[in-house]
Amino acid sequence: MKVFIINGPNLNLLGTREPAIYGTKTLEEVAEECQAIGAEVGIDIQFRQSNFEGQLVEWIQEAIGTADAIVINAAAYTHTSVAIHDALKSYDGLKIELHISHPHLRESFRHTSYVSPVVDAVVAGLGTNGYIHVVEMLPNLLSKT
Amino acid sequence: MVNKTILILNGPGLAELSAGDDRYGGVTLEQIQDECTALCAELGMKLEFRQTDDQDEMFRWIASDSEHFDALIINPAGYPKSGTANSELFRSAVDMIADTNKPLIEVHLTNIFRQGGERSKPLPGTDGQMGFVCGLGLKSYLLGIKAIAKRLHS
């Protein structure tokens, strides 16, 4: 099985950017943990990050027909991107929206998500551990969908 | 880890979940309770699992009973959408938990942001003090329990 974990803008700065909100772990460390758990349970984790909206759209399109699930932290594009909304709509597999913080408890401009209405599930506010918990649960989620 | 106890509170209507209702994953509250109890046991934790349709009772549980527990999971069902006063009451109750630094996670069976879903709103609160999981069916609860176990461990 193959799962894309797609990360949006500024997540490459994880660990140094506003650590009080996002934690001290780097994205590389999170990716390694996810891949290690994936290897244990037989899931190929494709962990990616881009600051470019179009690149995120292309990865979602690439997932069509090739990936069993998409886990997406679209970061700031969550609140602006109709393009990501539309791309996700075209993907039929399991879709999980992930956020390190809890956007609904932050500034009001983060309260609207173009991602939430077109995914199956939303996980937020669990810190970078959110990635770990979602990956741990993937075999269970994919076996029944 | 042993002797940690999680309190799970379920809001209005959740006692009426039925196996035949696919909107909510076709699970009953008893099934949810059984799976949560099993996972907690596996993780060396105890579980208190409650449901109420009565809003005052819900606030009482959050505001006073929660002091006897190490972590809290709330499925508020449709509460937060039903008015501002309500929302403020929730906010004060939730802030009280947050002040004690106990893990607190809101869960929903369905994706509440999806059209045709519960059309609820997330509980109010302060970022960094509350987790949120929706749309995984009864696995929303299981993910919440795992997240709490990890936090209480570290």
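**Notes on the predicted model**

1. A:Asn10 is partly exposed, with a relative accessible area of 33%, where partly exposed lies between buried (under 20% relative accessible area) and exposed (over 50%), computed with a 1.4 Å probe on protein chains only. This residue sits in the loop between strand 1 (2-7) and helix 1 (19-22) of chain A, helices (H or I, at least four residues) and strands (E, at least two) being DSSP runs numbered from the N terminus. Although A:Asn10 is not a glycine, it has a positive phi of about 75°.

2. On conventions, this is a predicted model, in which local features need pLDDT of at least 70 and side-chain atom pairs count only at pLDDT 80 or more, whereas totals for chains, interfaces and linings use all residues. Residues are numbered from 1 along each chain as its sequence is written, chains are lettered from A and ligands numbered from 1 in the order in which they are written, and side-chain values use heavy atoms, with hydrogens and water left out.

3. In chain B, B:Asn101 likewise is not a glycine and has a positive phi of about 65°. B:Asn101 lies in the loop between helix 3 (84-99) and strand 4 of chain B, and counts as exposed at 57% relative accessibility.

4. Strand 4 of chain B (residues 104-108) contains B:His108, which is buried, with a relative accessible area of 0%. The side chain of B:His108 makes a polar contact with the side chain of B:Glu106 at 2.7 Å; a polar contact is a pair of N or O atoms within 3.5 Å, where within protein one must be able to donate a hydrogen and the other to accept it, and residues adjacent in sequence count only if both atoms are side-chain atoms.

5. Strand 4 and strand 5 of chain B run parallel and are joined by four bridges, pairing being assigned if DSSP finds at least two bridges between two strands. In strand 5 of chain B, B:Phe132 is the bridge partner of B:Glu106. In a regular strand the side chains alternate between the two faces of the sheet. Here B:Gly131 and B:Val133 point one way from strand 5 of chain B, B:Phe132 and B:Cys134 point the other way, and all are buried.

6. Strand 5 of chain B (residues 131-134) also pairs with strand 5 of chain A, in the antiparallel sense and over three bridges. In this pairing A:Ala124 stands opposite B:Phe132.

7. The contact (heavy atoms within 4.5 Å) takes 27 residues from chain A and 23 residues from chain B. The two chains bury about 2,100 Å² between them, 63% of it on carbon and sulfur atoms, buried area being the accessible area (1.4 Å probe) that two parts lose on being put together, summed over both. A:Leu105, A:His133 and A:Met137 supply 27% of the area that chain A buries against chain B, more than any other three residues.

8. Across this interface the rule finds two salt bridges, each defined as a side-chain nitrogen of Lys or Arg within 4 Å of a carboxyl oxygen of Asp or Glu. A:Asp120 forms a salt bridge with B:Arg114, with the closest N and O atoms 3.8 Å apart.
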